[in-house]
Amino acid sequence: MLLVLSLSATAAEYKLLPPAPRTGLSTDWLIFDAPRNQLILYLPDYHAPANAYYQWVSIRPGQKLPITFTARKDLSLFLDNRLVFTAATPASYSIDLEKLLPPGTPAGLHLLCVWHPAVSPDVSSFANTPALTIIAKGKVEPTPYQAQLRVRGHQGQNVFLCFLLLIGLLYGGIKAAYQPGFARIYQFDRLLGKSNSDEAFLTKPTITWLNLLLVFVFSLSFALLLVAIHTNIQSIVILRRLFDVPESAIVVRVLLYAALVAAFVFGKYLFLELMGYIFDVTPLVMVQYREFVRTILFMGLFLPIVMLFYLALNQTLPETVLWISNGVVSLMLVGTMLRVTRTLHSRTSLLNLHLFSYLCATEVIPLTILLKLIVFTY
């Protein structure tokens, strides 16, 4: 009996298996479990996102191990708790892990750590790549510790160009079919002043075929900009959990973001109705929403122009394109809020604390959230 119990205890003893050797990266990442003081397998649907992810990688001296990934600014890589790389700008990178090891390091397993000080790194973008391209004769080979910057969106430029042509055709077709209504929205003389058609527009129905088509084209333009330039928006935890779309599926991501933008534009009316009922300012809701729709459609006309800058300059001046995009998006969002504020102030004084609180709840707070997600992420 004692012998049987002894054998049972030995069989039931739990032993931690060593990590299985693998070549290159895998999709299995580890996180640090503080209570047990060990690394455990990260389960996206179970564990909360972390700032640091780990993985055991088998590296052999003299055998290249290139990887590619998309990084936010200040994202860092560690090998065996030693800092080997920090992203200076938000972009896509290609790095040979074998070149990052100190000379004379023996072959074996090495602990790779991906860490960001503020947000959760997008570990889904880490992937193995073929051997690094051969340096042409006469060109200087990069130093062993130098990461190669890959221009954002190069592989999808043909797709972006097709979408941009489609947007241009849609704008042209809508203008030809609804010329009077199109002219009332896209009037440049009302950008800084108040035109004679303002009152007429604010009293017309908001849900018309013209407005529906223009909101669709605006959503497509904004989605194209988000996918092409603001690539790191896909690392938002809520968005990634609800809509896990691969980075390579460019068309699907453009259509997905277009649907989200359109849902935001139409959903804002329900939000304004709710807030108007809470603050007892229901008569202002329709005027506010009509001004919001008209202004955001007018400002959205500049988004295709930013895409033209992207297609023309992104290969040589990616940072300039990013600054232009951030400036146009910020101008669109802030300008829409200021125009809505001016329209409401022309009907009732916003010096009233009650109305000012309503404006903060419906315009200022959503503006701050959008700027944080789209602009200040970079």
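**View 1. The largest nonpolar core of this predicted model contains 64 residues.** A nonpolar core is here a set of buried Ala, Val, Leu, Ile, Met, Phe, Trp, Tyr and Cys residues joined through side-chain atoms within 4.5 Å, where buried means under 20% relative accessible area, exposed over 50% and partly exposed in between, with a 1.4 Å probe and protein chains only. The residues with the most contacts inside this core are L214, F218, F222 and L297. Two or more residues each come from helix 2 (157-177), helix 3 (179-185), helix 5 (209-228), helix 7, helix 8, helix 9 (303-313), helix 10 and helix 11, and helix 5 gives the most, with 13 residues. Helices (H or I, at least four residues) and strands (E, at least two) are DSSP runs, numbered from the N terminus. In soluble globular proteins, nonpolar side chains tend to be buried together. Because the model is predicted, local features need pLDDT of at least 70 and side-chain atom pairs count only at pLDDT 80 or more, whereas totals for chains, interfaces and linings use all residues. Residues are numbered from 1 along each chain as its sequence is written, and side-chain values use heavy atoms, with hydrogens and water left out.

View 2. When its neighbours within four places in sequence are left aside, L214 is in contact (heavy atoms within 4.5 Å) with Y171, I174, F182, I185, Y186 and L297. A second, separate core of 29 residues includes Y53, A87, Y93 and V123.

**View 3. A network of salt bridges links E291, R294 and R339.** A salt bridge is a side-chain nitrogen of Lys or Arg within 4 Å of a carboxyl oxygen of Asp or Glu, and by this rule the count comes to four. Between R294 and E291 the closest N and O atoms are 2.8 Å apart, and these two residues, three apart in helix 8 (residues 285-299), are separated by about one helical turn. The side chain of R339 also meets that of E291 in a salt bridge, at 3.5 Å from N to O, and this pair links distant parts of the chain, with R339 in helix 10 (residues 318-347) and E291 in helix 8, 48 residues apart. R294 and E291 are both buried, and R339 is buried as well.

**View 4. A salt bridge joins K268 and E363.** The closest N and O atoms of this pair are 3.1 Å apart. K268 lies in helix 7 (residues 250-279) and E363 in helix 11 (residues 353-375), so the pair ties together parts that are 95 residues apart in sequence. Both K268 and E363 are buried.
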